[in-house]
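Here is a short briefing to read beside the model. Keep the structure open as you go through the points.

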Amino acid sequence: MRLKRAHIFGFGKWVDASFNFDDASFLCFYGKNESGKSTLQQFMFYMLFGFSPRKLAFYQPKFTSKIGGSLTVYTPDVGEVTIERVGGSFRMHLPDGRIETDEAIWRGMLNHLQKETYEAVYGFSALELTRLHEMKQGELSDLLFSVGLTGSTSIYDVERSLERRLDELFKKAGRKPLINQQINELKRLEAHLSEKAEEVLSYRDRLSIREQLLAKRNDIEQQLRMKRALFSEKETCRQFLPQIRMFKEHKKKLDSLQMLDLTFPENGISRYEALKNRLIKVQAEHRTHKQTLEQQQENVLHIEEKLLEKGHLARLQQIVRQKSIADEAKKTLKRLNHERLKLDVEIEETLKTLNVAEEEVRSIEVPFYAESSWGKLVDEEKQLRLEKNHLQEEKRLLERKHEKLTQEKAELKRQFIGFETLERWQEAWSRQEKSKNEQAGLETLLQWEKERQKQTAIGLGLTSLAAVIVLIAAYVEKSAAFFAFGFSLVIIAFIQTLFQRKHKQRITDLKRRNNASIRQMNIAFSSDELRHQEALGERLTDLERELRNVAMELLQWEEKANHLKLKEQNFQMRVNEERENYPFLQRIDVAYWLNFLHEIKPLYEKILTRDELDEEVQKLNDKVERCNETVRKFINEIGLEAGNADDIHLDELLKEQETLERQRAEYAKWMAETKEQISVLAEEIRIIKEEMDKLFATCHVHDEESFYQKANLLQEKNHVKTAYETLKKQLAALFSEERLAQMVDEPLNEYELERELKELEDEMKELEMQQSAIEQQLAKLDVEIDHLESSDEYSRTMHLFEKEKASLNKRAYEWARLKLAQSLLQKAKHRYQETYFQDVLSYTKRYFSHLTGGRYINVYGPTATTSFQVEDERKMRYTVEELSKGTVDQLYVALRLAISKVMSERFVVPLMIDDAFIHFDDERAKRALQLLEKMAEDQQVIFYTCRKEFVNIAARLRCLCIDVDSGKVGGNMT
């Protein structure tokens, strides 16, 4: 299947948009983000598979209420089919012109392919590659295997979900899973129940006795039900004894009638009487048709007496036709004379308008090419006039522009300081900016030196204080160590004093340099004045350039004017030449030559038409005269009175003869039909008699009386059978079929039934007494059991035990169901691997080798102990965890393309790829697009991208590139 054309009425941002794919197998849709590529892809899915109302509402356009469109596809089996969806409606236009509204037919043409399956097998995007990079290394191989099986990550997601849920429910050595926790809880409750077992021993004994009594009561109740059913049956037999006896009588009579030969045709009486009535009717109709035939024969003889001879009739027909032609000629003469008078008036008026004589018009001879030559001269005259006006306007505009630019230049010169002065200003401003930067640096250094001076002063004070304290302590303690330490602090204080003086000197130097820099920044103009003068300088430069352009345009205008003058001279020479060839043009301006020619030609044609009318009038007058002579001769031959040919009504005579001839033919036809009907009726009489004889033969009789006797016997049998069936149906509602069969053979005695009913009644009373005694014992046991159950600790523990057990069974069932699903999924994967995976792997090797530029030459599928592996040109194998992210992307793309290729061998649909190569560099993208071009030979490929470089690569291949923003088709999207 290939997509041919698409027209969008309204869908998302797309309104009234059309796309023609020109039978292209490789399509590339380019557009920036938010340009509508994804919406266009969803439109394709909507046309192919339809959307739910809720999802379709998401793509409702903002500026139109009409949502939907049409998509034309080509299928090898059917041909070109157009799918049209508007809102929720569906229509399919077939090649033979039929329109189908049943969407099931279209789904059948798609082999019942679903949208989810299509996206999983025949489409993928950059989002799937992004998910690859988020996977853990141990999960990557399983994900690629899932893609290799189905073309999507669905199986991988289901497997991970099943594993997570199974681990949440149960682990052999786990404590946190839910089932493990419930097993531990059940063990605890069971131990608690065993402690309470001895306490409820008597309770169990009573329960056992209660169960025995309940069983005995159920047995008695069953016996009571059986006795009551038998009593009810006997009582029913006693009540319906008359009907049962009548049933037995009808059964015996029906058996006796079935012994007779009552063979009789179905609906025999009605069929026989219908044949009898039909025979009487057909015989009467047969006699009527014979009388009609005799009457028709008499009418034919009467008509033949009034007919003319055959030769005279043919002559009369010929003369009437000639007279009709003559009458038409008279009408034509009248019309032609009217037209001639009209032409005389028109010719006379036109001659006066043009101020020429008729003889002069007849003498004018203009060749066929004159109109073309004169038309060119007229057009050239108009063109010259337009060019002349245009040149005058152009010169006026150029002069006005030159004047305006000159005035603007003079005004700017008065304001401008000069280019040399402007350069000095720019240099001064540059020095000022440099001084500002230097000042900022000096201020930063000054601040930093002041901070360091402050820190040094603080350190000096602290060191001096410490030295004084240590020296005092050394003096008091007479310690040499303190003296040494105090002397060291004095040296440090002296060094800090030197540093402080150095910082003061640096601060003084920085302040001096900063003041000097500030003095250098004092200039006589501002930044706004400098920018204004720079703008004036740029505008003056532009004006100089524009003035030079205007001067150049004026020179060009002079060349155009000289050229126009030469064209006017050449035109005038050609006009003079035409006037010498046709003198009548001397008094006519060139602009009206064609008008004059267009008036002369119709006038000349009208004069010729009038001459032709004169000739035709003369011919028609001669024809009318010859016809009148022929009519007079024929009148004399047939014996009518001769007179004016117009007064003789030969057409009425002809109509009368033709009417008689037509009546004779109709009577002949009626006679033939009547004879045919007489023959048909005779045959029908014979067939009816044969049918009546067949009815007699079917029931083995020879006359009508025996036929009716057998019919009466059959009717009696049917009556008895009906009564028997009615009684049987009534009794069947009361007794079983076996019991009815027994009643037919056994004698029924009313007194015996009364005795049996009395015995059954006594037995039922005895059973009811036993039942009442058991009920009393059960009531006593229930009171004792309720007393034991008043201590609810055991029952509460039992309830918790049963509740926890039920919950465990429920979760165990869920675990078993998930385990079964996991097992079935593994079997399905194994079966699919045996059927398709080797083909997928074969194509994957080829595609992966192409995408990597031949670096990797083989791909090995996962086994029970190994994951996905690839082999390079040096025969070195690598697992997918050892590959770079870019190489894994290439392997994933190869798998997706391979599954699409394998599945397309069963059903070919377009492959849709949405920016799946966005992470590829130019070389990888080129190889990927070359691979898509190769696949497009067997399967249409639709590629969506937002990168121009991909489009430029595709444009150099056999690919139709479409810019969704501008509608541009083909070429580089620069």
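This is a predicted model: local features need pLDDT of at least 70, side-chain atom pairs count only at pLDDT 80 or more; totals for chains, interfaces and linings use all residues.

The protein chain has 974 residues, and 37% of them are buried. Its secondary structure comes to 26 helices and 14 strands.

**Whole chain**

- The protein chain exposes about 60500 Å². Carbon and sulfur atoms supply 51% of that area.
- Take the contacts in the protein chain with a separation of 6 or more: 73% of them join residues 24 or more positions apart.

**Nonpolar surface patch**

- A nonpolar patch lies on the surface, with about 660 Å² of accessible area together. Its members are Val468, Leu471, Ile472, Tyr475, Val476, Phe483 and Val490.
- Two elements give two or more residues each to this patch: helix H15 (419-477) and helix H16 (480-520).
- H15 supplies the largest share, five residues.
- Phe483 belongs to the patch and lies in helix H16.
- Phe483 counts as partly exposed because its relative accessibility is 39%, which falls between the 20% and 50% cut-offs.

**A packed helix pair**

- Two packed helices are described by the angle between their axes and the distance between the axes.
- Helix H24 (residues 885-904) packs with helix H25 (residues 922-935) at an angle of about 5°. Their axes are 12 Å apart.
- That angle makes H24 roughly parallel to H25, because angles under 35 degrees count as roughly parallel.
- On the H24 side, the residues that meet H25 are Gly886, Thr887, Gln890, Leu897 and Lys901.
- On the H25 side, Arg924, Arg927, Leu931, Leu932 and Met935 meet H24.

- Which phi does Asp16 have, positive or negative? Asp16 has a positive phi of about 55°, although it is not a glycine.
- Asp16 is found in strand E2 (residues 14-20).
- Asp16 has 57% relative accessibility, so it counts as exposed; the cut-off for exposed is over 50%.
- Lys875 is a residue other than glycine with a positive phi, near 70°.
- Where is Lys875 found? Lys875 is in the loop between strand E10 (869-872) and strand E11 (877-879).
- Lys875 counts as exposed because its relative accessibility is 57%.

Definitions and conventions. Residues are numbered from 1 along each chain as its sequence is written. Side-chain values use heavy atoms; hydrogens and water are left out. Helices (H or I, at least four residues) and strands (E, at least two) are DSSP runs, numbered from the N terminus. Buried means under 20% relative accessible area, exposed over 50%, partly exposed in between (1.4 Å probe, protein chains only). Patches are made of residues with over 30% relative accessible area and no salt bridge: like charges are joined within 9 Å, nonpolar side chains (Val, Leu, Ile, Met, Phe, Trp, Tyr) within 5 Å. Accessible areas come from the Shrake-Rupley method with a 1.4 Å probe; for residues, only the protein chains shown count as cover. A salt bridge is a side-chain nitrogen of Lys or Arg within 4 Å of a carboxyl oxygen of Asp or Glu. Axes are lines fitted to C-alpha atoms, for helices over the stretch in contact, and angles run from 0 to 180 degrees between N-to-C directions. Angles under 35 degrees count as roughly parallel, over 145 as roughly antiparallel, 65 to 115 as roughly perpendicular and the rest as oblique. Contact means heavy atoms within 4.5 Å.
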